[in-house]
Amino acid sequence: MDLSLFLDNLWNARMSLLAGFGNTLLISLVAVILGSGLGVLVGLALSYGNLATRFVLRVYTDFLRGTPVFVLILACFYVLSVVGVDLSAFQAGVLALTLFCSSHVGEIIRGALAAIPKGQTEAAKSIGLTFGQTFASVLLPQALRQILPTWVNTATEIVKASTLLSIIGVVELLLATQQVISRTYLSLEFYFFAGFVYWLLNFLIEQAGRAVERRVSIPQ
Amino acid sequence: MTPVLKITDLHKSFGDVKVLTGIDLTVQKGDVVSLIGSSGSGKTTLLRCVNLLEEFERGTIEIAGEAIGYREEGGRRRRLPERQIARQRAMTGMAFQQFNLFPHMTALKNVMLGLVKTKKLGQDEARAIAEKWLDRVGMIERKDHFPGQLSGGQQQRVAIARAIAMNPQLMLFDEVTSSLDPELVQEVLAVVRDLAADGMTMLIVTHEMRFARDVSTKVVFMDQGRIAEEGPPEAVFGAPKSERLAGFLANSEI
């Protein structure tokens, strides 16, 4: 392995790799933010919705969680265009990851809400809070603290799953790397480099998650 | 004068099990009414009906003349909409056996929450009221502590402050000392005594017979979902009329 050759090529390819990395970040960020927002609603409806709502969302979450992300991405890209919804590869990929994220967040929110003692809701009711106020002030803050570690884990899964968007032609970090490799033939070096970048990104996400966890932890 | 609480012919079942079978009870302003009886006699369920935490099938509960929970509509009984139920719940304050403080909020924030959300008070006003009541229950020094940092007795005192800061017409105490270590019971009972002496109207479910005898203006003995005997504490404890009450008292520590 010729290190200076690799470093030269890395320097030359920096803009395209950076653009790919930027896309990876953007895809992950949008999917996690939209997916989490949607997931809170899903978890809320799974916990408190009527029978029909719960049934529909149960099917939704179980289906999405039981399907490979890869299949979801292909479905969003190819199937939707058949039914007349034309999304770009980028949009289809983000949609697939958002849905994937929402099903996971929905399920962990449901679990966290179910774990909160009934007395919390009763105490909130007894001081005259409506259900909406109880949820916002009493239940959600406790549920969010509880799901934080699992949620951070979901975020890192989304980052990893974003590599699958390369299949439908979204130039995120992996595809950008492959393009560089096809010019330079330095496959080992660049794959190793990409792997390192993914690892570093997820490592930072996990550290940030731990920092937030410490910050919001309830003094005992 | 309109009674603070008027319960008429209250019936409640859990499935096939009849828990309350025709309760009539009137509580006047300033009354301190203790509900005693063995486990399963329906005391706690009665209290929870008054706070609308349980639904009931028959009868009416009026607080300060207002029928709560249900209304008659074309001969049919309907549960009121949630917003109205929430408002009616705030007319009574409840202290629970398990305290049920919100673990992610300080003592002060626990007491302020209802004042800000339900009463729509500004932060400053809510804080002033909350601090006044935390002081009253002897918890002002610990107002910035979280529930997890407080003993059971301290948590219960904060929970009582949280309920009473809402200025309810009636305070409901549901076995507030039952999950406390023996040495912490007295500090909580002292708070309740203090409020009773101040003229607060109260309905108390308790297993502390001595406390019930000392603090109550009226004692109600419940048995199998009914009020079996009621009267001033001297009469109920001193000269029980029924064998069941005599038996119950013989098995209780006074």
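Me: Which helix of chain A holds A:Val105?

Reply: This is a predicted model: local features need pLDDT of at least 70, side-chain atom pairs count only at pLDDT 80 or more, and totals for chains, interfaces and linings use all residues, while side-chain values use heavy atoms, with hydrogens and water left out. Residues are numbered from 1 along each chain as its sequence is written; chains are lettered from A and ligands numbered from 1 in the order in which they are written. Helices are DSSP runs (H or I, at least four residues; strands are E, at least two), numbered from the N terminus. The place of A:Val105 is in helix H5.

Me: Is A:Val105 buried or exposed?

Reply: Buried means under 20% relative accessible area, exposed over 50%, partly exposed in between (1.4 Å probe, protein chains only). A:Val105 has a relative accessible area of 1%, so this residue is buried.

Me: How far apart are the C-alpha atoms of A:Val105 and A:Gly35?

Reply: The two residues are in contact (heavy atoms within 4.5 Å). Along the chain they lie 70 residues apart. Their C-alpha separation is 7.5 Å.

Me: Which residues does A:Thr154 touch, leaving aside neighbours within four places in sequence?

Reply: A:Thr154 sits in helix H7 of chain A. With 8% relative accessibility, A:Thr154 counts as buried. Its contacts are A:Cys101, A:His104 and A:Ile108.

Me: What is the relative orientation of H2(A) and H7(A)?

Reply: H2 (residues 14–48) and H7 (residues 131–161) of chain A pack at about 135 degrees, with axes 10 Å apart. Axes are lines fitted to C-alpha atoms, for helices over the stretch in contact, and angles run from 0 to 180 degrees between N-to-C directions. Angles under 35 degrees count as roughly parallel, over 145 as roughly antiparallel, 65 to 115 as roughly perpendicular and the rest as oblique. The pair is therefore oblique.

Me: How many charged residues are in the contact of H2(A) with H7(A)?

Reply: From H2(A), the contact includes A:Ser28, A:Val40 and A:Tyr48; from H7(A), it includes A:Phe131, A:Trp151 and A:Val159. Ala, Val, Leu, Ile, Met, Phe, Trp, Tyr, Cys and Pro count as nonpolar, Asp, Glu, Lys and Arg as charged, and the others, Gly among them, as polar. The tally is 13 nonpolar, 2 polar and, for charged residues, none.

Me: Why are H5(B) and H6(B) described as roughly parallel?

Reply: H5 (residues 152–164) and H6 (residues 182–197) of chain B have axes that come within 8 Å. H5(B) and H6(B) count as roughly parallel because their axes cross at roughly 20 degrees.

Me: Which residues have the most contacts inside the largest nonpolar core?

Reply: A nonpolar core is a set of buried Ala, Val, Leu, Ile, Met, Phe, Trp, Tyr and Cys residues joined through side-chain atoms within 4.5 Å. The largest has 114 residues. Its largest share, 12 residues, comes from helix H5 (residues 89–115) of chain A. The residues with the most contacts inside it are B:Phe173, B:Met202 and B:Leu203.

Me: How many residues form the second, separate core?

Reply: Its members include B:Ile36, B:Ala212, B:Val219 and B:Val236. The count for this core is 10 residues.

Me: What percentage of chain A is buried?

Reply: Chain A has 9 helices and 0 strands. Its C-alpha atoms fill a box of roughly 70 × 50 × 25 Å along the principal axes. Of its 220 residues, the buried part is 45%.
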